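Please keep the structure open while going through them.

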Amino acid sequence: MITDILDISEQTKLKGQAVVVGSGIAGAEVAVHLARHGREVILIESGRDQFEPSIQALNDVIFAGKRHRELNPNSYYHQYLPPELRGVSRVRQFGGTSNVWTGKWKYLQSSDFEARPWVDNSGWPISFTDLLEHYRSAGKDYGFGDLEAEAMRPEIVALRAKIAAHGLKMSSFYWEETPTRTAVRFGEEMRRLKNLQVVLGATVTELKLDDSCQRVTAISCSSLEGRELIVEGETVILAAGAFETARILLASNSQLPDGIGNAHDLVGRFYTDHPKHHTGSLRPGSLAQEYAQELQYAPKPRFCICFALDDVTQQEQKLLEHVLYLQPIYEKPLERLWRNFRGRPAYRDDNDSISTYRVKFVTEQAPHKGSRVKLAKEPDKLGKKKLEVDWCFTDQDRQSMEKTIKLLTHRFAEAKLGTFEFGDDPPNLETMTDAAHQMGTTRMGNRPEEGVVDTNCRVFGTENLYVASSAVFPTGPSYSPTFTILALARRLGQHLLQTTLVNK
Ligand SMILES: Cc1cc2nc3c(=O)[nH]c(=O)nc-3n(C[C@H](O)[C@H](O)[C@H](O)COP(=O)(O)OP(=O)(O)OC[C@H]3O[C@@H](n4cnc5c(N)ncnc54)[C@H](O)[C@@H]3O)c2cc1C
């Protein structure tokens, strides 16, 4: 059932076995999974069916450090979106940010979960094998194609071997054609399911605890129209994205002055993104020409590949993971004429003759306690404190970036993949934008001193509060986060069915 907070009278107290906050990839996944298994679920969503700028403004933050996501709305990669959604990195609408992105769906690598002695605070307390079955089942359900089979395709194996000889590695991802839009994907089912109630237009402002301060007993919600609602649940799952999840925990400070889960001052800290540079190009060499079919991006959906320095180099040189994407730019008519005039042969993929490749670097940041979000003084339209975002880098980030670019430039030339051209704008952390991949603000740890949530994504110090989000990522290896958000949400749904939400 899908309802609006305005349809519910203020005297009503909604109760569910599970209450999920947020209807993006993470929240929709957990809520529908639990409801399909017969649990009474309430899904609270701040946004509504249509994008509303006044609701979106509840996401506004104050920047203390590097500004976040000041993207040119006319940039090539936003052209598929309606103008009001271009350049937006987190969306407050039914379906959340899944309304806007045509995604790269990618597994993390097993090495991404391991601690690297040269990267402080690296290593996940779970391993790749803990997520593999969830990646596989989600990939199947969502129709992403079989990434493991793709990695073993003869052409991919051959190209991987050729570049490995030059200290490079590559991995495949599934490049989706249209935004996933959970509100569309699950909308009909959500309407039909009698044991799932979606409440739109309801913004969670605070979680209330019992006297022991270990159990969430009630969730306060407000709407911009002034409507208030209290929701109760046995189990509460925050799936509001990495910023808003931290904000809800910090703002729930009437019983615990530092907020919930914040006994060790970790909520909101270790915020990382993937600094992104996309103004360079690659003049393709003979290997790129030979494998043009493998490097093409269209027609979507399809598998694509990205490149990085191999693990041995990263270890020897003490580097972070920096990933490089290549996207073909096809010849313009004048370029074609000029090439023909000079008697040069064309080289093509399945789409057209290629002129060059657009180069995009997406880099990992070292986990850094000082890179953080916290409550600001300034209130939003609901009277709740906005977030202050202090996104900052370390010397390790800068040195790693510089060294990686040098090595990649050398090795790409050596492997005959091609020559980079950065013009006046070489990749540089200060001028890079974020990738709209907010991570780390409620990181996972083995102990409360190391993280905000445990290995089952339960907030330390609480009995019934969980997080489903990239907020729990202890590191942000340089790959697209959302497949891992989805796999973790699936894993959490199964865990809850087997533990706190067992049918009696
Ligand atoms: C342009 C763009 C391109 C991207 N490309 C890629 C890509 O190629 N690959 C990739 O892996 N990822 C990509 N991403 C990132 C990806 O979109 C996110 O990782 C993913 O959508 C996050 O899902 P989520 O469910 O955690 O959060 P969201 O989808 O942001 O959902 C959070 C939900 O919580 C709601 N909410 C927030 N606060 C409250 C509150 N207080 N009360 C009630 N509800 C609340 C919001 O309205 C929202 O619906 C991209 C993002 C953008 C913007």
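1. In helix 13, the buried residues are D397, S400, M401, T404, I405, L407, L408, R411 and F412, where buried means under 20% relative accessible area with a 1.4 Å probe, protein chains only. Because an α-helix has 3.6 residues a turn, residues three or four places apart point the same way.

2. This is a predicted model, in which local features need pLDDT of at least 70 and side-chain atom pairs count only at pLDDT 80 or more, while totals for chains, interfaces and linings use all residues. Residues are numbered from 1 along each chain as its sequence is written, and side-chain values use heavy atoms, with hydrogens and water left out.

3. Helix 13, which runs over residues 395-414, has 20 residues and spans 29 Å from its first C-alpha to its last, close to the 28 Å expected at 1.5 Å a residue (the expected span being 1.5 Å times one less than the number of residues). Just after helix 13, K416 takes a positive phi of about 65°.

4. Helix 1 (residues 25-36) and helix 14 (residues 482-498) pack at an angle of about 25°, with their axes 9 Å apart, and they are therefore roughly parallel to each other, a term for angles under 35 degrees.

5. D273 lies in the loop between helix 8 (241-251) and strand 11 (276-284), and it counts as buried because its relative accessibility is 0%. Although D273 and H437 are 164 residues apart in sequence, they are 5.2 Å apart in space, C-alpha to C-alpha.

Terms used. Axes fitted to C-alpha atoms, helices over the stretch in contact; angles between N-to-C directions. Helix = DSSP H or I, 4+ residues; strand = E, 2+ residues; numbered from the N terminus. Parallel < 35°, antiparallel > 145°, perpendicular 65-115°, else oblique. Buried < 20%, exposed > 50% of the residue type's maximum accessible area, 1.4 Å probe, protein only.
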